[in-house]
Amino acid sequence: MKLNKKLFIALFALPMMMLAQEVQDTVAAQEVQVAEVQDTIVPVTVELERAAFEGTSLIESQSNRVYSKGTIEMVMNHRFGLVNGTNDMIGIWAPSNIRIGVNYSITDRIAVGFGTTKDARLLDFSLKVALLRQTVGGKMPFSVTYYGNFANSTLPKANFINTSNRFSFFNQLIIAKRFSKSISFQIAPSISHYNALDAALKNDLYSIAAGGRVKVTSDMSILVDYNLPITKQANDPKPGLGAGVEFSTVGHTFQIFVTNYRGIINQQSILLNQNDFFSGDFAIGFNISRTW
C-alpha cells in the first residue's frame, strides 16, 4: 500500500517551516526592541512562561515540553498486565509491555528521538517542534507544539506481505497552557495511520486528547489524561483514560498511574485499543525520565 502523502506533509513540511523562525530564537532568552528616547537604547525583554509540564510525557500522551538545546533525555515506559483479579498480583505477574527510548534537543525548539517497544517489536523515530511558546504577561497566551513519529515493526517477515506493511505513523498538534503555578492543561488533535490493518479497520483514525496537571507540592502533581477516537469503524477502539501522580526532582520525573492503554506508542494505543476502562480493563503503569 502506498504511504499516505498527507502524513509525510504533516511529519516533514510543518517542522521545516520552523527553520525560518530559528533566526528569532533569541526570543527564548531576550527580545530586544530598539527605541530612541533621548539618544538612549531601551531594551524590552519578552520572558517565556515556565514549562506547563515537568516531563515530555503526560501518562499516555506527549506533553508540549521540549528541553533546552543539547539536553539528552532517557525514557522508560512500563505497562503491567491488566488487573483481572486472578493470581496475577494486580497485573504485576501478568505479561507486560515496555519501551526504552532516548531524545535529544537539537535546538531549544526541536527534539528528535528513538525508541524500541516490546509488543510488536517496534522501532520508532520521533520529532517534536515547539511552534509557539507561551510568554509571561500574555503576549503569547499558550504554546503550540508539533509531535510526530514513524514506527517500524520488526516481527518476522512471515507476518507481512510487503515491507511497507510494517510501517505506522502518528501526527499531533499539542496546544497547552500554564494557567498558574499549580494548574496546566493541554488539548491535542491527532491522526494515526497504519499502512496495513484488518479489513474491518480504517487505515487512518482521527482522535483528540485532553489532559492536565495539578501541582500539590513542590515535587508532586496529580495527572489526568483522556483520549477520544473520532473516526468511526466497524470495531471502534475504546477511549483511553489514565490518572496518576508524578514526582519530580532536578533531572528526573517519575509517573505512576492506572491506564487502559497497553501500546505505549501512540498510534498503537489509540487505533488498536479494545480495553474499556469502566468495564474494569485497566493496568498499572509508570514512566521514568532522566535528563542530562
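The briefing below goes through the pocket, the cavities, the salt bridges and one threonine.

This is a predicted model, in which local features need pLDDT of at least 70 and side-chain atom pairs count only at pLDDT 80 or more, while totals for chains, interfaces and linings use all residues. Residues are numbered from 1 along each chain as its sequence is written, and side-chain values use heavy atoms, with hydrogens and water left out.

**The largest pocket**

- The largest pocket holds about 530 Å³ of space; a pocket here is an open set of points, on a 1 Å grid over the protein atoms alone, with protein on both sides within 12 Å along at least five of seven lines, and a volume is the space filled by probe spheres set on the points, which are joined across faces, edges and corners.
- Its lining is made of 25 residues, and those that lie nearest the centre of the pocket are Glu49, Arg50, Ala51, Arg65 and Val66; a lining residue is one with an atom within 4 Å of a point.
- Two or more residues of this lining come from each of the strands S8 (122-132), S9 (143-153), S10 (167-178) and S12 (204-215), where strands are DSSP runs (E, at least two residues) numbered from the N terminus.
- Strand S10 gives the largest share of the lining of the largest pocket, namely three residues.
- Sorted by class, this pocket lining has 10 nonpolar, five polar and 10 charged residues, with Ala, Val, Leu, Ile, Met, Phe, Trp, Tyr, Cys and Pro counted as nonpolar, Asp, Glu, Lys and Arg as charged, and the others, Gly among them, as polar.

**The cavities**

- Three cavities of 30 Å³ or more are counted, a cavity being a set of grid points where a 1.4 Å probe fits but cannot get out.
- The largest cavity contains about 360 Å³ of space, and it is lined by 31 residues, of which Ser57, Gln62, Arg99, Asn103 and Tyr147 lie nearest its centre.
- The elements that give two or more residues to the lining of the largest cavity are strands S4 (61-62), S5 (72-82), S6 (97-105) and S7 (110-117), together with S8 and S9.
- Strand S5 supplies the largest share of the lining of the largest cavity, with five residues, and the lining as a whole divides into 12 nonpolar, 12 polar and seven charged residues.
- The second largest cavity has about 60 Å³ of space, and the residues that line it include Gly55, Thr56, Ser57, Glu73 and Asn287.
- Strands S5, S15 and S16 (283-291) each give two or more residues to the lining of this second largest cavity, which by class has two nonpolar, eight polar and one charged residues.

**Salt bridges**

- Six salt bridges are counted, each of them a side-chain nitrogen of Lys or Arg within 4 Å of a carboxyl oxygen of Asp or Glu.
- One of them joins the side chains of Arg213 and Glu54 (3.2 Å, N to O); because Arg213 lies in strand S12 and Glu54 in the loop between strand S2 (40-41) and strand S3 (57-58), the pair ties together parts that are 159 residues apart in sequence.
- Another joins the side chains of Lys215 and Glu54 (3.6 Å, N to O), linking distant parts of the chain, with Lys215 in strand S12 and Glu54 in the loop between S2 and S3, 161 residues apart.
- Glu54, Arg213 and Lys215 are thus linked in a network of salt bridges; in this network Arg213 is buried, with a relative accessible area of 3%, whereas Lys215 counts as partly exposed at 22% (buried means under 20% relative accessible area, exposed over 50% and partly exposed in between, with a 1.4 Å probe and protein chains only).
- The side chains of Arg99 and Asp124 also meet in a salt bridge (2.9 Å, N to O), in which Arg99 belongs to strand S6 and Asp124 to strand S8, 25 residues apart.
- Arg99 is buried, with a relative accessible area of 11%, and Asp124 is buried as well, at 1%.

**Thr259 and its surroundings**

- Thr259 is placed in strand S15 (residues 252-259) and is buried, with a relative accessible area of 1%.
- The side chain of Thr259 makes a polar contact with the side chain of Glu60 (3.0 Å); such a contact is a pair of N or O atoms within 3.5 Å, and within protein one must be able to donate a hydrogen and the other to accept it, while residues adjacent in sequence count only if both atoms are side-chain atoms.
- A polar atom of the Thr259 side chain also lies 3.1 Å from the backbone nitrogen of Tyr261.
- Leaving aside neighbours within four places in sequence, the residues in contact with Thr259 include Glu60, Arg79, Leu241, Phe277 and Asp281, contact meaning heavy atoms within 4.5 Å.

Definitions and conventions: Helix = DSSP H or I, 4+ residues; strand = E, 2+ residues; numbered from the N terminus.
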